[in-house]
Amino acid sequence: MRASEELAKRQREYPLENGSDRGAKLLAKFAPLNVPELESMRLSQALVVGEVGRTLPNAKTFHYPDGSHAIMLFSGLIDFLDAVAKILFGSTNMFGPKSLVKAAASEEDVIQELQALFERWKPGGITDVVDPELSMSTLGSPAAEFAAMLAQAAQLFILSHEFGHVSFYRPPGEDDDPSILPALTRDQEFAADATGMRNLIRMAQTPSDARMHIAGVVVALRVLSVFALLGHTFPNDHPQPIDRLYSIAHSVRTFCKTERDYWSLMPIAYAFDERLTVAGYRAARSTATLIPDDNRVFCRLSAVLEAAVHRRVPQSEVLDVMRKDFDDIPPAVLERVAMTAARMFPEVPVVTESPTQDALWAEKAKLFRSFHDQWPDVAKAAFQKAFEQLSQAKG
């Protein structure tokens with residue numbers, strides 16, 4: 001079919017460095033496709049996926065008159081996401097069942113390396129020139145395995161979004177201008193993202209896998225948003241990546257059965273998004289600063305409480321970690337954090353269909369309340385007010 005011919009032609013024009021088609025391998029991860037129409041296309045070769053050896057940070061879907069479709073993932077984007085994942089895990093503590101593998105690099109070191117990586121992007125693609133003073137340390141196990149999982153999740157999300165371009169495609173009619181390529185509406189673009197997100201989470205075999213998969217979704221979109229900040233232009237009919245990020249956050253909340261499920265899912269995604277955002281601002285020489293976000297702050301609080309409950313970190317680290325947030329947080333943001341805490345850490349434990357999660361959140365709530373007199377004064381007042389307001393609302 002035409003799609004196979006065109007993909008082979010592009011791969012001859014832009015050969016792969018190692019000869020291994022990573023795009024085809026990503027497609028195999030999804031097989032069989034969960035949409036019957038797409039699976040039928042895949043089996044008949046009316047839908048093909050492949051990597052093209054170009055340095056641009058792109059993925060594109062091409063539609064052909066014979067009804068076939070080719071999704072082409074450019075090597076530059078695949079390589080870049082691989083590098084981002086490896087750098088991010090350089091500052092990530094790895095918790096095993098019986099041990100802690102401390103991060104090899106500090107958070108600031110990682111942000112600097114991400115900044116340098118973003119600075120390799122130029123309008124013509126992503127260069128291979130790396131500042132010799134940078135040291136992208138080789139990751140040991142298990143960090144290397146988790147980095148590979150994160151990168152693959154980001155790449156699978158990109159591919160799953162492109163499936164939406166095939167699903168929503170409608171051939172031009174007789175009265176349509178043949179010079180105008182068919183495009184998805186903004187709502188269809190957002191729907192393709194939401195479908196990709198759901199596909200990734202449903203592929204997860206464990207809660208920790210699900211956290212990594214949603215982190216891959218957020219990392220992919222944040223990387224694209226930094227490219228936009230640096231001057232990369234996306235088609236006019238595409239929503240900007242930052243709008244796609246806001247949309248996917250709403251979609252994840254809708255997908256989760258409970259608010260508790262959402263906070264359990266998002267800690268890695270929020271942490272990595274924060275580092276990428278700061279690195280992007282620096283790479284763009286922007287004067288913008290990271291705006292304190294109540295979702296990010298509460299997610300960090302929830303995550304460090306969980307680590308302390310599991311005895312992966314000492315309880316004192318909860319105070320140390322959160323003090324950084326509470327020092328400069330605007331009052332309105334702190335109020336929202338406190339209201340979320342009041343909902344999620346009630347005095348009477350919540351009983352659901354998940355006894356294991358019920359027990360975990362009850363322990364987190366108990367630990368949270370034990371710090372009542374130790375929070376900074378501004379946080380202490382906000383938490384007390386939020387619990388009182390929630391109690392009055394229920395009464």
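## Close-up views of a predicted model

**Figure 1. Overview of the chain.** Of the chain's 395 residues, 47% count as buried. The model is predicted. The fold comprises 16 helices and seven strands. Among contacts in the chain with a separation of 6 or more, 70% come from residues 24 or more positions apart. The accessible surface of the chain is about 20100 Å². Carbon and sulfur atoms contribute 53% of that surface. The structure also holds 22 salt bridges.

**Figure 2. An open sheet of three strands.** The strand order is β1-β3-β2, and the pairing is mixed. Strands β1 (47–52) and β2 (59–63) are the edge strands. Each of these two pairs on one side only. Direction ignored, neighbouring strands in the sheet are turned by 20 degrees against each other on average. In general, strands of a sheet pair through backbone hydrogen bonds, in either the parallel or the antiparallel sense.

**Figure 3. The parallel pair, β1 and β3.** Strand β3 covers residues 69–74 and pairs with β1 in the parallel sense. Six bridges join β1 and β3. Valine 49 stands opposite isoleucine 71 of β3. Two helices pack on the sheet. Helix α2 (residues 22–30) touches β1 and β3. The direction of α2 makes about 140 degrees with that of β1. Helix α4 (residues 75–88) touches β1, β2 and β3. The direction of α4 makes about 50 degrees with that of β3.

**Figure 4. The antiparallel pair, β2 and β3.** β2 and β3 run antiparallel and are joined by five bridges. Lysine 60 stands opposite methionine 72 in β3. The two strands form a hairpin, with five residues between them. Glycine 67 sits in the turn and has a positive phi of about 85 degrees.

**Figure 5. Histidine 69 and its surroundings.** Histidine 69 lies in strand β3. Its relative accessibility is 3%, so histidine 69 counts as buried. What does histidine 69 touch, not counting residues up to four places away in sequence? The contacts are Ala3, Met41, Ala46, Leu47, Val48, Phe62, His63, Tyr64, Val166 and Tyr169.

**Figure 6. Helix α7 and its cover.** Helix α7 spans residues 186–203 and has 18 residues. At 1.5 Å a residue, α7 should span 26 Å. Which residues of α7 are buried? They are Glu189, Phe190, Ala192, Asp193, Ala194, Gly196, Met197, Asn199, Leu200 and Ile201. The cover over the buried residues of α7 includes α2, α6 (143–167), α8 (207–230), α9 (241–255) and α10 (259–265).

Figure 7. Glutamate 6 and arginine 2 meet through their side chains in a salt bridge, at 3.0 Å from N to O. Helix α1 covers residues 2–13 and holds both partners. They are four residues apart, so about one helical turn separates them. An α-helix has 3.6 residues a turn, so residues three or four places apart point the same way. Are the two partners buried or partly exposed? Glutamate 6 is buried, at 17% relative accessibility. Arginine 2 is partly exposed, with a relative accessible area of 35%.

Figure 8. Arginine 282 and glutamate 108 form a salt bridge, with their closest N and O atoms 2.8 Å apart. The pair links distant parts of the chain, 174 residues apart. Arginine 282 belongs to helix α11 (residues 267–283), and glutamate 108 to helix α5 (residues 107–118). Arginine 282 has a relative accessible area of 30%, so this residue counts as partly exposed. Glutamate 108 is also partly exposed, at 33% relative accessibility.

Figure 9. The side chains of arginine 300 and aspartate 325 form a salt bridge, at 2.7 Å from N to O. Arginine 300 is in helix α12 (residues 294–309), and aspartate 325 is in helix α13 (residues 316–328). The partners are 25 residues apart and link distant parts of the chain. Arginine 300 is partly exposed, with a relative accessible area of 22%. Aspartate 325 is buried, with a relative accessible area of 14%. Salt bridges that share partners join Arg300 and Asp325 with Arg222, Asp273, Glu274 and Arg296 in one network.

Methods. Residues are numbered from 1 along each chain as its sequence is written. This is a predicted model: local features need pLDDT of at least 70, side-chain atom pairs count only at pLDDT 80 or more; totals for chains, interfaces and linings use all residues. Side-chain values use heavy atoms; hydrogens and water are left out. A salt bridge is a side-chain nitrogen of Lys or Arg within 4 Å of a carboxyl oxygen of Asp or Glu. Buried means under 20% relative accessible area, exposed over 50%, partly exposed in between (1.4 Å probe, protein chains only). Two strands pair if DSSP finds at least two bridges between them. Axes are lines fitted to C-alpha atoms, for helices over the stretch in contact, and angles run from 0 to 180 degrees between N-to-C directions. Contact means heavy atoms within 4.5 Å. Accessible areas come from the Shrake-Rupley method with a 1.4 Å probe; for residues, only the protein chains shown count as cover. The expected span of a helix is 1.5 Å times one less than its number of residues.
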